[in-house]
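Subject: Handing over a structure

Hello,

Here is the structure I promised to pass on to you. Please have it open while you read, and my notes on what was found follow below.

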Amino acid sequence: MNGFSMAKLLDDKEERYKKQTEMIVLNKLPVISFTINKPGTEKNNEIIKNIFASGLKEIESVLSVNNIEIMDRYCSSDGLSGPIIILSINFNPNKIKEWMVDIENNHPIGRLLDIDVIDEQRGHISRINLGFEARKCLICNDYAKICSRSQRHDMGDVLKKFYNICFLYIEKQQEKT
Ligand SMILES: [Zn+2]
């Protein structure tokens, strides 16, 4: 990726961060901020949009089962940093985070989903503070942060693993229809 588009990617991320803060302050409610945890510099394409839509469906279904109303939403699907949705929720952010960790840990594409819960006082609600383990690496069983910091794995292998999980899931979905 050249310098120009890297700058644009950073602008896009900055824009999202602003949007999150704006919604938290304006609505005085916690938000769910959902993106795809995509390794590498290419953050958006049709496959990513496809699994993003599945992840969103799962989040909405968990909220609906628990009778939680979505008070406000911001959605952007074509940004350089990939699709994002921000949902304002009038409910206990720790409880919401527990449900979101459950999706990340147990849904077939959960490992590829990045579902943050943020509120005004506490900022990002942490998995660890709620008694859950930190997120694991896609390749080995170590913590993801340790592997990404030390660049332990070849990017080609990480991408291959990422797309394998996507394709397996998409295939299964197509079998069902
Ligand atoms: Zn690893």
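Two strands are taken as paired if DSSP finds at least two bridges between them. Helices (H or I, at least four residues) and strands (E, at least two) are DSSP runs, numbered from the N terminus. Residue numbers start from 1 along each chain as its sequence is written. Please note that this is a predicted model: local features need pLDDT of at least 70, side-chain atom pairs count only at pLDDT 80 or more, and totals for chains, interfaces and linings use all residues.

Let me begin with the sheet. It is open and has five strands in the order β2-β3-β1-β4-β5, with antiparallel pairing. At its edges are β2 (70-76) and β5 (123-124), each of which pairs on one side only. Six bridges link β1 (residues 31-36) with β4 (residues 113-119) in the antiparallel sense, and phenylalanine 34 stands opposite isoleucine 115 of β4. On its way to β5, β4 forms a hairpin with three residues between the two strands. Two bridges join this antiparallel pair, and isoleucine 118 has histidine 124 in β5 as its bridge partner.

Next come the helices on the sheet. Axes here are lines fitted to C-alpha atoms, for helices over the stretch in contact, and angles run from 0 to 180 degrees between N-to-C directions. Two residues are in contact if their C-beta atoms, placed from the backbone, lie within 7 Å. Helix α2 (residues 46-65) lies across β1, β2, β3 (84-89) and β4, and runs at about 155° to β1. Helix α3 (residues 93-106) also packs on the sheet, where it touches β1, β3 and β4, and its direction makes about 175° with that of β4.

α2 has a helical neighbour as well: it packs with α5 (residues 155-176) at an angle of about 60°, the axes being 11 Å apart. The two are therefore oblique to each other (angles under 35 degrees count as roughly parallel, over 145 as roughly antiparallel, 65 to 115 as roughly perpendicular and the rest as oblique). From α2, the contact involves Ile47, Asn50 and Ile51, and from α5 it involves Tyr163, Cys166, Tyr169 and Ile170.

One residue I would like to show you is serine 33, in strand β1. Is serine 33 buried or exposed? Serine 33 counts as buried because it has 21 C-beta neighbours inside 10 Å (buried means 20 or more other C-beta atoms within 10 Å of a residue's own, exposed 12 or fewer, and partly exposed in between, with C-beta atoms placed from the backbone). Leaving aside neighbours within four places in sequence, serine 33 is in contact with Gln20, Ile84, Ile86, Asp116 and Ile118. Tyrosine 74 is 41 residues from serine 33 in sequence, but their C-alpha atoms are 9.4 Å apart in space.

Tyrosine 17, in helix α1 (residues 3-27), is exposed, with 11 other C-beta atoms within 10 Å. Its C-alpha atom is separated by 9.8 Å from that of serine 33, 16 residues away along the chain.

Finally, two backbone details. Lysine 28 has a positive phi of about 50° although it is not a glycine, and it sits in the loop between α1 and β1. Glutamine 151, also not a glycine, has a positive phi of about 45°, and its place is the loop between α4 (144-149) and α5.

Best wishes
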